[in-house]
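Take a look at the model below. The text that follows walks through a few of its local features.

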Amino acid sequence: MTTYCDYCNSHPEDIFNKTYHDTQYGFPLKDDNLLFERLILEINQAGLSWITILKKADNFRKAYRGFNIDKVAKFTEKDSARLLADAGIIRNRLKVDAAIENAKRIQVLRKEFGSFIGWLDAHHPLTKDEWTTLFKKTFVFTGGEIVNEFLMSTGYLAGAHDKDCPMYKKVASLRPAWAR
């Protein structure tokens, strides 16, 4: 099986994946809105290729108001209709509804844990299966692959980069959760 690092190295023409690989994938995030963004992008990727999401990422940021959790949690049916009519993003009712509902659920988590990051850190470390069970209990539209990619892409699970990838050392130097 080809790893993401292998794919990016063997497809230098794919600047979307290469840029994401070299600047975001596996790097720890310190901002709740960025974590929320990554979760929603991973949810939207379900059933599609990651390149589709990367190409639409700026459109997602505009449509979802910069992935501001508090703004998205206040989205109304009018906002849902706007999102479902926006050809610049993935127009899937379940995914749109999941973004809004998950924003509301993160607001609840922040009351108890202070932040989305606080919630993640309070449960770290867990196995992939334990994380998946927790996410399914806490959020909507969060199956095993979505949870795995979200956690690897944000530094909570190891495996984003091959050990011989130059990004591996760069990410590890930032002390992501998996390295603590």
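Phenylalanine 67 is buried, because its relative accessible area is 0%; buried means under 20%, exposed over 50%, and partly exposed in between, with a 1.4 Å probe and protein chains only. Phenylalanine 67 sits in the loop between H4 and helix H5 (69–73). Helices here are DSSP runs of H or I with at least four residues, numbered from the N terminus. Phenylalanine 67 is not a glycine, yet its phi is positive, about 60 degrees. Most residues other than glycine have a negative phi, and most peptide bonds are trans.

This is a predicted model: local features need pLDDT of at least 70, side-chain atom pairs count only at pLDDT 80 or more, and totals for chains, interfaces and linings use all residues. Residues are numbered from 1 along each chain as its sequence is written, and side-chain values use heavy atoms, with hydrogens and water left out.

Step back to H4 itself. Helix H4 covers residues 50–63, 14 residues that should span 20 Å at 1.5 Å a residue; the expected span is 1.5 Å times one less than the number of residues. Its end C-alpha atoms are 19 Å apart, which agrees. H4 bends by about 55 degrees at alanine 57. That bend is the angle between axes fitted to the seven residues ending there and the seven starting there. Alanine 57 is also among the buried residues of H4, along with Trp50, Ile53, Leu54, Phe60 and Ala63. An α-helix has 3.6 residues a turn, so residues three or four places apart point the same way. The cover over the buried residues of H4 includes helices H1 (4–10), H2 (15–23), H3 (32–45) and H6 (77–84), counting contact as heavy atoms within 4.5 Å. Just after H4, arginine 65 has a positive phi of about 50 degrees.

Now move along the chain. Histidine 124 and proline 125 are joined by a cis peptide bond, with omega about 0 degrees. Proline 125 lies in the loop between helix H8 (116–123) and H9. Helix H9 spans residues 128–138 and holds glutamate 130. Glutamate 130 counts as partly exposed because its relative accessibility is 42%. From serine 115, glutamate 130 is 15 residues away in sequence and 20 Å away in space, C-alpha to C-alpha.

Arginine 175 comes in the segment after helix H11 (166–173). Its phi is positive too, about 55 degrees, although arginine 175 is not a glycine. Arginine 175 is partly exposed, because its relative accessible area is 48%.

Conventions: Helices (H or I, at least four residues) and strands (E, at least two) are DSSP runs, numbered from the N terminus.
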